[in-house]
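Reader: I'm new to reading protein structures. Could you walk me through one, feature by feature?

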Amino acid sequence: MYHVVFLVTRKADMTQQQFTDYWIVQHCPLTAKVPGLRSYRCYPAIGQMSDPPAPFDAIAVLAFDDEASCQAGLASEEFKTAVADGPNFQTVSATYGYLAQEFVIV
């Protein structure tokens, strides 16, 4: 599998609950339409384990079969629509994405 991982930072004027509600109810259905997407997992924070707290509020993981399907998905109109929705619930300048290889340990 080929993964895209996003470290998502909520808009400053939203509570964590408002951010999570918008993300899951409004935004996720847009991202779920990306062609070639095999899984889409969302992990909004529900607590902190360290001090200072993490500089982001959620993690999203998109999985594709391979690099080619990932690149096609990221170039799609569906992905562009999802990206355009980002400013409605996240601080885009403080949200980061990267390509990742998965190692399943357990």
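Reader: Which residues make a nonpolar surface patch here?

Author: Like charges are joined within 9 Å, and nonpolar side chains (Val, Leu, Ile, Met, Phe, Trp, Tyr) within 5 Å. Accessible areas come from the Shrake-Rupley method with a 1.4 Å probe, and for residues only the protein chains shown count as cover. In this structure, Phe-103, Ile-105 and Val-106 make a nonpolar patch of about 460 Å². This is a predicted model, where local features need pLDDT of at least 70, side-chain atom pairs count only at pLDDT 80 or more, and totals for chains, interfaces and linings use all residues. Residues are numbered from 1 along each chain as its sequence is written, and side-chain values use heavy atoms, leaving out hydrogens and water.

Reader: Is Ile-105 buried or exposed?

Author: Buried means under 20% relative accessible area, exposed over 50%, and partly exposed in between (1.4 Å probe, protein chains only). Ile-105 has 75%, so this residue is exposed. You will find Ile-105 in the segment after strand 4 (96–101); helices (H or I, at least four residues) and strands (E, at least two) are DSSP runs, numbered from the N terminus.

Reader: Which residues of helix 3 are buried?

Author: An α-helix has 3.6 residues a turn, so residues three or four places apart point the same way. In helix 3 (residues 77–85), the buried ones are Phe-79, Ala-82 and Asp-85. Looking down the axis, they fall within an arc of 115 degrees, so they line one face of the helix. That arc is taken from the directions from the helix axis to the C-beta atoms. Glu-77 and Ala-84, on the other side, are exposed.

Reader: What covers the buried residues of helix 3?

Author: Look for contact, meaning heavy atoms within 4.5 Å. The cover includes strand 1 (2–8), helix 1 (16–31) and helix 2 (67–74).

Reader: And which residues are buried in helix 2?

Author: Those are Ser-69, Cys-70 and Gly-73.

Reader: Now a strand, please. Which residues does Ala-58 touch?

Author: Ala-58 lies in strand 3 and counts as buried at 2% relative accessibility. Not counting residues up to four places away in sequence, Ala-58 touches several residues, including Phe-6, Trp-23 and Tyr-43.

Notes: Patches are made of residues with over 30% relative accessible area and no salt bridge: like charges are joined within 9 Å, nonpolar side chains (Val, Leu, Ile, Met, Phe, Trp, Tyr) within 5 Å. A salt bridge is a side-chain nitrogen of Lys or Arg within 4 Å of a carboxyl oxygen of Asp or Glu.
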